[in-house]
Amino acid sequence: MGTDNQTWVREFILLGLSSDRNTQVSLFVLFSLMYLVTVLGNFLIVLLIRLDSRLHTPMYFFLTNLSIVDVSYATSIVPQMLVHFLAEHKGIPPVSCAAQLFFSLGLGGIEFVLLAVMAYDRYVAVCDPLRYSVVMHGGLCARLAITSWVSGSVNSLMQTTITFQLPMCTNKYIDHISCEILAVVRLACVDTSSNEVAIVVSSIVLLMTPFCLVLLSYIKIISTILKIRSTEGRKKAFHTCASHLTVVVLCYGMAIFTYIQPSSSPSVLQEKLVFLFYAILTPMLNPLIYSLRNKEVKGAWQKLLGQLSGLTSKLAT
């Protein structure tokens, strides 16, 4: 980027959700509580998996990665948003804006690929249970996790680089709650069709391709479940996948709604609300979904609480 004032702005201004002071304070309180629940819930899930040897399986290895991604994603968005709710001046330097775009876009891509990896894990567990431990060995799990992190990071680096090479002229008002890629691209004072094509290609590679793999996995899973004769067996197989399937619907649904057609995207307000849902509500709900719908996790919680209760009783006496 040059230093000419026609291609360089010293800071961007985030317009956020509302200009009303009382509304901003209310949103600050609401999103502060949601962020606290997000961090605490995901931290407890990771801690629980770490402490309970029964959860040292591929499924929970990937769930640990998902929790780390969720907390990191929310952290890349929410703290800055909370500061801006209370600040009179809602500016953000270009370097900080680029960093926020890089981390949020990268972590989002990592999550999409990770969910596809988790779908493959569920496919092997349901469709080929006798060979599960052979197929999903530690080396493969590590490579799949590394692939998720590398692919999301590389895509984000490319997208962030080409986005911030666009001349912004004197445009500095980002009509969004964060430096989201579509909102930043809209500031450019040149034709952005090539950037929009890059976003679509990126969406196909890191969003639709993993989504199709998830869809294929669940078609095979459902087909296998329907062949199980006992009702109890079908219920057990379904519960094995229920938590992951719920998370898949939330994450992919919101992302596809926002990113798959940037040239005909929804209104800016809808875009903001969907982004908020994905950035705050989904990371908060994920640990709750896995805790409430998964018998193994609930059992581990009960065991841990029982141990803590026993320890408390001993200390009290």
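Modeller: A salt bridge is a side-chain nitrogen of Lys or Arg within 4 Å of a carboxyl oxygen of Asp or Glu. This is a predicted model, in which local features need pLDDT of at least 70, side-chain atom pairs count only at pLDDT 80 or more, and totals for chains, interfaces and linings use all residues. Residues are numbered from 1 along each chain as its sequence is written, and side-chain values use heavy atoms, with hydrogens and water left out.

Biologist: How many salt bridges does the structure hold?

Modeller: There are 4. In one of them, Asp175 and Lys272 meet through their side chains at 2.8 Å, N to O. This pair links distant parts of the chain, 97 residues apart: Asp175 lies in the loop between strand 3 (173-174) and helix 6 (181-185), and Lys272 in helix 9 (residues 268-293). Helices (H or I, at least four residues) and strands (E, at least two) are DSSP runs, numbered from the N terminus.

Biologist: Is Lys272 buried or exposed?

Modeller: Buried means under 20% relative accessible area, exposed over 50%, and partly exposed in between (1.4 Å probe, protein chains only). Lys272 counts as buried because its relative accessibility is 7%.

Biologist: Which residue forms a salt bridge with Arg122?

Modeller: Asp121 does, with the closest N and O atoms 2.7 Å apart. Both Arg122 and Asp121 are buried.

Biologist: What of Arg54 and Asp52?

Modeller: Their side chains form a salt bridge at 3.0 Å, N to O. Arg54 is partly exposed, at 47% relative accessible area, whereas Asp52 is buried, at 4%.
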